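Take a walk through this structure, one element at a time. Keep the sequence and the 3D view side by side as you read.

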Amino acid sequence: MLPQLDVKVAKKAILEGFRKTDELLLQESVSGNLCVFVANIGDAKAVLARSSNTNELGSHTETCIPLKAIVLTREHKAIYPQERSRIQKFGVTATPDIHAFELTERENFMILGCDGLWEVFGPSDAVGFVQKLLKEGLPVSVISRRLVKEAVKERRCKDNCTAIVIVFKRG
Ligand SMILES: *[C@@H]1O[C@H](CO)[C@@H](O)[C@H](O)[C@H]1NC(C)=O
């Protein structure tokens, strides 16, 4: 029998982790620049939509210029040699990859998705899909639902297709 996990202790550890992270980030952010941190463990993927040019008129999502899709995360899958050797050295660990970027005029939105989503959507494909709906003026909650619906109903995603769309508002 495995020893029982103490739920109270586990909850406390998670809460403490969030509190400490919040506290440290607040201390670090007094300098004024807004940064986004993406920490991941596992095979979910975060994709950032960034415009290549800051001199466009108006909001970037309203222009027809395609946004660049930047994959921020490295999937932790044993099929990749780098991840396989990491597992062989230390086993499966709780150490995330952390990626940070500064929020400027060029960052439009970010898509966080489970591996299922990325099996049926390429990064640029998903960015284009979301950009088009933003251009139509749809709220982000509707857009994320449309993205998942497209993945499941049209593209026959069989795996977990959970997705979160985060739009960076300015002004
Ligand atoms: C799908 O993935 C999300 C995010 O990781 C998770 O919260 C949820 O429990 C998963 N659903 C299933 C059915 O595994």
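The model here is a predicted one.

Now follow E5 to another partner. Six bridges join E5 to E2, and these two strands also run antiparallel. Here Val47 is the residue that stands opposite Ile111 in E5. E2 pairs with E3 as well, again in the antiparallel sense, over four bridges. In that pairing, Leu48 faces Ile70 of E3 as its opposite residue.

Four strands form an open sheet, in the order E3-E2-E5-E6, with antiparallel pairing. Which strands stand at the edges? They are E3 (68-71) and E6 (163-167). Each has a single partner strand, so one side of each is left without a neighbour in the sheet. On average, neighbouring strands of this sheet are turned by 20° against each other, direction ignored. In a regular strand, side chains alternate between the two faces of the sheet.

Next come the helices that pack on this sheet. Helix H4 (residues 123-135) touches strands E2, E3, E5 and E6. The direction of H4 makes about 120° with that of E5. Helix H5 (residues 140-154) packs on the sheet too, touching E5 and E6. The direction of H5 makes about 145° with that of E6.

Is E2 enclosed or open to the outside? Five of the six residues of E2 are buried, so the strand is largely enclosed by the rest of the structure.

Step back to the whole protein chain. The protein chain has five helices and six strands. Along the sequence they follow the pattern α-β-β-β-α-β-β-α-α-α-β. There are 171 residues in the protein chain, and buried residues make up 29% of them. Consider the contacts with a separation of 6 or more: 73% of them join residues 24 or more positions apart. The protein chain exposes about 11,600 Å², of which carbon and sulfur atoms supply 58%.

Arg86 sits in helix H2 (residues 81-90). Is Arg86 buried or exposed? Its relative accessibility is 18%, so Arg86 counts as buried, because the cut-off for buried is under 20%. The side chains of Arg86 and Glu83 are joined by a polar contact of 3.0 Å. Leaving aside neighbours within four places in sequence, Arg86 is in contact with Arg74, His76, Gly91, Thr93 and Thr95.

Lys158 lies elsewhere, in the loop between H5 and E6. Lys158 is exposed, because its relative accessible area is 75% and exposed means over 50%. Lys158 and Glu119 are 39 residues apart along the chain, and their C-alpha atoms are separated by 9.2 Å.

Finish at the ligand. Which residues are around the ligand? They are Cys114, Asn160 and Thr162. For Asn160 there is a distance to note: an N or O atom in its side chain is 2.4 Å from an oxygen atom of the ligand. Taken alone, the ligand exposes 360 Å², and the protein buries 23% of that.

Conventions. Residues numbered from 1 in each chain as written. Predicted model: local features only at pLDDT ≥ 70, side-chain atom pairs only at ≥ 80, totals over all residues. Heavy atoms only, no water. Near = heavy atom within 4 Å. Polar contact = N/O pair within 3.5 Å; in protein donor to acceptor, adjacent residues only side chain to side chain. Areas by Shrake-Rupley, 256 points an atom, 1.4 Å probe, with all protein chains shown as cover. Buried < 20%, exposed > 50% of the residue type's maximum accessible area, 1.4 Å probe, protein only. Contact = heavy atoms within 4.5 Å. Pairing = 2+ DSSP bridges. Axes fitted to C-alpha atoms, helices over the stretch in contact; angles between N-to-C directions.
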